[in-house]
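Subject: Structure for you to look at

Hello,

Please find the structure below. My notes on it follow.

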Amino acid sequence: MGDGGHLLTIIKILAPLSIASVGGAMGIYAPLEYQTVQVHGWVTAREFLDMLALTRFLPGPSSILGAVLAFKVAGFIGAIVAMLALYVPSSALCFAMSRIWVQSEGKAWHTAMKRGLTPIAAGLIMSGVLALFQLSGGKFLTGAVMVFAAGMLTWKKSLHPFPLLIAGASVFLAAWGVGLIQ
Amino acid sequence: MDQSPASVVKPAEEPVSLFAIYKVFTYIGLMSFGGGLIPWIQREIVTTRGWMKLEEFFPGVALSQVLPGVNSTNMSVFIGNRLRGLSGAAVALAGMLSAPFVVMMIAVSFYHYILVVKPIQIAMSGIAAAAIGMIMRTGVMAVQASLTNVLSVTIMVITFVAIGIFRLPLIWTVAVLVPLSIAASWPRGEKPPVSPSDKDDANG
């Protein structure tokens, strides 16, 4: 079991997922689980789910899960290789697009894209709000904290979001303390 | 003191330093736990530093969601490239990923512990709820920016209904809607109000 072999496998598994993940990490969980649990046996199914849960707690993209799995099997070097495999291919593509975007400034289609993409962004962001709300269980408390945070940011534009996050955590802990949520 | 200091006071177009880019994206990457990434970028890049305008930020959001890859890394590449080209994009990407990478490497050593402590889970749910609120606020700003004409509003509503309500696959939905929306937004005849005014409205 040479480490070189592992590193190559890491690249072979993760690099295609870099490009395959359109619209968030949700789409890569299934192929990632198949490769790392069923085909290569890097981790057990249980470990996979635990690590997935972990990535949802911590900062960073959920697909960083790939690097965590690589760390398990090939240590720190494995994790670094995994990060490169996960993010360089998609970033290269995005860079190419960004370049075209900047170079086209002033042209008609740049203006068209600017105007045309804004309502798409609006629809996508609001869809994300809905999806995250439902994913969180769609509880009343979640909705209340969410609307409160949005309202505060609208009302006081200079407000730093960090106190809001702390407030959200505090409200939830208090509600848990008195048995409102489990 | 040199003479005529008044005529030379416009350092606005000075390029942003690579270190400044790295620093702000490390900060964004670290703060974005709970899921409120887009609002953090909007706050730090557009509102606080004025490195980019909203009218370019939102198209960037759409592009980074539509392109393969993770929104956050795509967004950092998009902004980094706008600020300093290839090196800017590389530095922004590295910044965006370095803090989460370090945190993750530390956390993976004792993840069993983190996952069983109930209060941590509860607190994280609360943070996530507030983060959704942050996203909602940015979403409302995007909605406001889209209220330009009937067509724009229609595209926005269709996008939301298709993706948000009916959960249609993103790739097919945008494959139809993006070209449609761009074609419909083409500045034909109506003389766009010299769009690249971003560059030099200083002496307007």
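Helices here are DSSP runs of H or I with at least four residues, and strands are runs of E with at least two, numbered from the N terminus. S18(A) is found in helix 1 of chain A.

Before the rest, some conventions. This is a predicted model, in which local features need pLDDT of at least 70 and side-chain atom pairs count only at pLDDT 80 or more, while totals for chains, interfaces and linings use all residues. Residues are numbered from 1 along each chain as its sequence is written, chains are lettered from A and ligands numbered from 1 in the order in which they are written, and side-chain values use heavy atoms, with hydrogens and water left out.

Back to S18(A). Its relative accessibility is 2%, so S18(A) counts as buried (under 20% relative accessible area; exposed is over 50%, partly exposed in between, with a 1.4 Å probe and protein chains only). Contact means heavy atoms within 4.5 Å. Beyond its neighbours within four places in sequence, S18(A) is in contact with A85(A), L86(A), Y87(A), P89(A) and S90(A), and also with P68(B) and G69(B). The side chain of S18(A) comes to 2.6 Å from the backbone oxygen of L86(A).

Next, the interface. In total, 89 residues of chain A are in contact with 94 residues of chain B. The two chains bury about 8,300 Å² between them, 78% of it on carbon and sulfur atoms (buried area is the accessible area, 1.4 Å probe, that two parts lose on being put together, summed over both).

The rule finds two salt bridges across this interface (a side-chain nitrogen of Lys or Arg within 4 Å of a carboxyl oxygen of Asp or Glu). One of them joins the side chains of E105(A) and R82(B), at 3.2 Å from N to O. On the side of chain A that touches chain B, helix 5 (108–135) of chain A is among the helices that supply at least two residues each. The largest share, 25 residues, comes from helix 5 of chain A.

Last, confidence in chain B. pLDDT is the predictor's confidence in each residue, from 0 to 100. Chain B averages 83, and 85% of the residues score at least 70. Confidence there is highest in helix 1 (residues 18–31) of chain B, at 95, and lowest in helix 5 (residues 111–116) of chain B, at a mean of 74. Over residues 1–11 of chain B, pLDDT stays under 50, and the model has one contact beyond four places in sequence for them.

Regards

Note on methods:
A polar contact is a pair of N or O atoms within 3.5 Å; within protein, one must be able to donate a hydrogen and the other to accept it, and residues adjacent in sequence count only if both atoms are side-chain atoms.
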